[in-house]
Amino acid sequence: MEKTTLSKFSKEELTDFIIKNNEKKFRAEQIFSWIWAKNASSFDQMTDVKKEFREFLNQNCQILDCKIKLRQISKDGTIKYLIEFSDGLCAETVLMRFDNRSNLSMCVSCQVGCKMGCKFCATGKNGFKRNLEAHEIISQILLAQIDTGLKITNVVFMGQGEPLDNFENIKKAIYLINKNLQISIRRMTLSTSGIIPKIYELSQNELIPTLAISLHAPNHKIREQIMPIEKKYNIEELKKALKEFNTKTKDRITIEYILIGGLNDTKECAIELINYLKDIKCNINLIPYNPTDDNTGFKKPNKKDMMKFKYLLEASGKKVTIRLERGADIDAACGQLAGKTN
Ligand code: SAH
Ligand code: SF4
């Protein structure tokens, strides 16, 4: 008989399950707290749950239905995990700690592979395998907490896959991360390549994370060259959706812009980008292109061009940051997650 996976449950569902199996409600409270607050990885750790019931749990249930298959630790402390799901497919997830802050950020994956096919990204290179279920998304966080004994404080949906292409599961995952793991929605960021109808939908959701947009180009022509999604949802329509998102949420959007040497890092591009963003309430995050291991023909930007690009944007009054490269020595940086064992 297949075991029941308890990390799939909300508190109410867990309570129903426990009561159905002839135990009292307070047992559900105890077990919930062991799983979500105390990082238990086995029922035997749940010492305040009576032995007979632990026996029942051991025989009929499991906490998680996935496991860490591989762990790599970078020189900078970043940890990349390869997670194996119940059907044997794998996806990567990255845990980042920034020295000067107490934040511990987890970059979770939402799909095995990706359908979007952005030219600069390693994730989609082996095609799309499947969506991850909500509990598989949240399990990535539980596994990292169990492994490190630390509490994750921030979640970014920026791992493998396109979150808005797996929207129902992402909405559920956001809800469970908030309710079960008690991580504030203010500490969650969702990055999308720009599935416009879903951006409108997200602005109506009860819990709305910070929205990050993978823009990566200042105009249709360049964006189309590097992101196939531009053919379906173009940059001008995207602008309308972003303005509407601003109006609905009052929050600043993060604009992600990969700088690719000689392609989109020129002065002309900076000026065009300033113009594109002038009516959008946003911060800009510049990401130096991370080489992926095949022949894309793309180059890293040089330092001087990067700084020039940043200064030009800053002169327009926007806040601009350059994304710190994390875990590049273990292929854990943006765009390098390929989930290689698949
Ligand atoms: N699919 C979503 C989220 C995952 S990608 C999205 O595309 O937004 C997370 C970020 O890494 C995105 O901004 C993505 O464009 C960026 N990225 C992808 N490949 C990269 C590369 N080779 N170098 C730098 N950033 C990259
Ligand atoms: Fe998919 Fe994002 Fe990679 Fe594009 S950048 S292929 S949307 S994961």
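Guide: Asparagine 22 lies in the loop between helix H1 (11-20) and helix H2. Helices (H or I, at least four residues) and strands (E, at least two) are DSSP runs, numbered from the N terminus. This is a predicted model, in which local features need pLDDT of at least 70 and side-chain atom pairs count only at pLDDT 80 or more, while totals for chains, interfaces and linings use all residues. Residues are numbered from 1 along each chain as its sequence is written, chains are lettered from A and ligands numbered from 1 in the order in which they are written, and side-chain values use heavy atoms, with hydrogens and water left out.

Visitor: How should I read accessibility: is asparagine 22 buried or exposed?

Guide: A residue is called buried under 20% relative accessible area, exposed over 50%, and partly exposed in between (1.4 Å probe, protein chains only). Asparagine 22 counts as exposed because its relative accessibility is 73%. Its phi is near 65 degrees, a positive value in a residue other than glycine. Lysine 250 also has a phi near 65 degrees. Lysine 250 sits in the loop between helix H9 (235-249) and strand S12 (253-259), and with a relative accessible area of 60% it is exposed.

Visitor: How is the chain divided into domains?

Guide: Domain bounds come from an automatic or database domain assignment. Here that assignment gives domain 1 (4-62) and domain 2 (67-339). Their centres, taken over C-alpha atoms, are separated by 35 Å.

Visitor: How does one describe the interface, and what area is buried between domain 1 and domain 2?

Guide: The size of an interface is often given as the accessible area lost when the parts come together. Buried area is the accessible area (1.4 Å probe) that two parts lose on being put together, summed over both. Between domain 1 and domain 2 this comes to about 930 Å², with carbon and sulfur atoms giving 62% of it. Lys8, Trp36 and Asn39 supply 60% of what domain 1 buries against domain 2, more than any other three residues. In terms of contact (heavy atoms within 4.5 Å), 12 residues of domain 1 meet 11 residues of domain 2.

Visitor: How many residue pairs are in polar contact between domain 1 and domain 2?

Guide: A polar contact is a pair of N or O atoms within 3.5 Å; within protein, one must be able to donate a hydrogen and the other to accept it, and residues adjacent in sequence count only if both atoms are side-chain atoms. Between domain 1 and domain 2 there are two such residue pairs, both at pLDDT 80 or more. On the side of domain 1 that touches domain 2, helix H2 (residues 25-36) gives the most, with three residues.

Visitor: Which residues does serine 191 touch?

Guide: Serine 191 is in strand S10 (residues 188-192) and counts as buried at 10% relative accessibility. Residues up to four places away in sequence are set aside, and the residues touched include Phe157, Met158 and Glu256. With the side chain of glutamate 256, the side chain of serine 191 makes a polar contact (2.6 Å). Valine 94 counts as buried at 2% relative accessibility. Glutamate 92, also in strand S5, is buried with a relative accessible area of 6%, and its side chain makes a polar contact with that of lysine 80 (3.3 Å).
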